[in-house]
Amino acid sequence: MKEFYIDCDGIRLHAKLDRPKGKDKSPLCILVHGFTGHMEEEHIIAAQRAMNDAGVAVLRAEMYGHGGSDGKFREHTLYKWVTNALALISYAKSLDFVSKMYFCGHSQGGLLTMLIGGMCADELKAIIPLSPAWMIPEDARNGQLLGSAFDPVHIPDALKIWDTELNGDYIRVAQTIHVENEIARYKGPVVIIHGDEDGTAPFIYSEKAQELYKNARLIPVRGTGHCFEGRINEFAEAVRSALAYINGTEGAGKTFFTE
Ligand code: FER
């Protein structure tokens, strides 16, 4: 494991790179946590280990205002996270050992994965949204984020969510995002993994995403919630089968990229 920082316009992003043993070249998956999350959460580590077992290197990174990265939590926005993700992709492209690149993120990181899929459809051979919170933009337009209500037209300077506080710019940014557009732009393989009892990012959104994507598979993890609590082994198994599916559908991805 290598621990380091990746520069993003002067903001240091805390990162860890774990490579599978005994491989000169391998795919690399960028792996991102969710809102208030970090790279040492149980489900993030479980995903990293399952990917390493499947012969995939993993670049875990913490986004603006999270974990050991620079920036204040209350000042983070989805645009800042998108800019961070582009810096990670650019860094990953500079690594000699990388044969192809995947992107995976949990919850708000799953929303990020769906946005980056559309933006970097030519670079990413597969995407893996985990419990993707892709209703955030719609919620922001409707004046309700994680149970905190606000006026979506006259946006407050600050919003209290859980035990944290967010700048109103988070809402302004989220309101401009239309995830369906980016879903339509990604034609490569997508594997969505989601707990079917998720009370934070409802499972039904993953069923909808699976229908909207050209080439998607949804793996439910039964009887668990947003972070796969109590079902972490089943979640790791889902990640392993996601990579098996991705490897098996590489031909389909290739057809698209050479069209
Ligand atoms: C919301 C729904 C879900 C929201 C955030 C999330 C800020 C993300 C949760 C996570 O990343 O774990 O309305 O608003």
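In this predicted model, His106 sits in strand β5, which covers residues 98–106. Leaving aside residues up to four places away in sequence, His106 touches Val32, His33, Gly34, His43, Ile44, Leu130, Ser131, His226, Cys227 and Phe228.

Helix α1 (residues 42–53) packs against helix α8 (residues 232–248) at an angle of about 40°, and the axes are 9 Å apart. That angle makes α1 oblique to α8, and the crossing is right-handed. Sorted by class, that gives nine nonpolar, one polar and three charged residues.

Then there are the aromatic rings: six pairs show up across the whole structure. In one of them, Phe4 and Tyr91 have ring centres 5.4 Å apart and planes at 40°, so the pair is tilted. Phe4 belongs to strand β1 and Tyr91 to helix α2, so this pair ties together parts 87 residues apart in sequence. Phe4 is buried at 11% relative accessible area, and Tyr91 is buried at 18%.

Phe35 and Trp162 make an edge-to-face pair, because their planes stand at 70°, with the ring centres 5.7 Å apart. Phe35 lies in the loop between β3 and α1, and Trp162 in the loop between β9 and β10, so parts 127 residues apart in sequence are tied together. Phe35 is buried, with a relative accessible area of 11%. Along with Phe73 and Tyr170, Phe35 and Trp162 form one aromatic cluster.

Key
Residues numbered from 1 in each chain as written. Predicted model: local features only at pLDDT ≥ 70, side-chain atom pairs only at ≥ 80, totals over all residues. Heavy atoms only, no water. Helix = DSSP H or I, 4+ residues; strand = E, 2+ residues; numbered from the N terminus. Contact = heavy atoms within 4.5 Å. Axes fitted to C-alpha atoms, helices over the stretch in contact; angles between N-to-C directions. Parallel < 35°, antiparallel > 145°, perpendicular 65-115°, else oblique. Left-handed = near helix turned anticlockwise from the far one by under 90°. Nonpolar A, V, L, I, M, F, W, Y, C, P; charged D, E, K, R; others polar. Phe/Tyr/Trp six-rings, centres within 6.5 Å; stacked < 30°, edge-to-face > 60°. Buried < 20%, exposed > 50% of the residue type's maximum accessible area, 1.4 Å probe, protein only.
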